Amino acid sequence: MANIKSQKKRILTAEKARQRNKAVRSELKTAIKAVRTAVEAGQLEDAQVAANKASRLLDKAASKGIVHKNQAAQRKSGVQKLVNTLK
């Protein structure tokens, strides 16, 4: 544990941010998984709704710096390609 007061505070705030980021990343994985399951079931409308939700979450995560903007773009593209296989 650090001796410097500001460093102690940084440790606490970094832990809070880590927990928050972990929750957001988990939510992203769940959203993308929902798209995959809808595509596997052959449900076009459900897959498209899930893809829209996943895209929105990816954009939010990228804007907050949780995932890199290029990674978010690649994931959005991959999710939409998956949905397009049903069309």
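The side chains of Glu15 and Arg18 form a salt bridge with an N to O distance of 2.9 Å, where a salt bridge is a side-chain nitrogen of Lys or Arg within 4 Å of a carboxyl oxygen of Asp or Glu. The model is predicted: local features need pLDDT of at least 70, side-chain atom pairs count only at pLDDT 80 or more, and totals for chains, interfaces and linings use all residues. Residues are numbered from 1 along each chain as its sequence is written, and side-chain values use heavy atoms, with hydrogens and water left out.

Both Glu15 and Arg18 belong to helix H1 (residues 5–41), 3 residues apart, which is about one turn of the helix. Helices (H or I, at least four residues) and strands (E, at least two) are DSSP runs, numbered from the N terminus. Glu15 is partly exposed because its relative accessibility is 35%, and Arg18 is partly exposed at 44%; the class lies between buried (under 20% relative accessible area) and exposed (over 50%), with a 1.4 Å probe and protein chains only.

The structure has 2 salt bridges. Asp59 pairs with Lys76, their closest N and O atoms being 3.0 Å apart. This pair links distant parts of the chain, with Asp59 in helix H2 (residues 44–63) and Lys76 in helix H3 (residues 69–84), 17 residues apart. Asp59 counts as partly exposed at 39% relative accessibility, as does Lys76 at 26%.

An unreviewed UniProt entry lists residues 14–64 as "coiled-coil region"; UniProt positions follow the numbering used here, feature names are shortened, and annotations may be inferred rather than shown by experiment. In the model, residues 14–64 are 94% helix and 0% strand, and the end C-alpha atoms of the span lie 15 Å apart.
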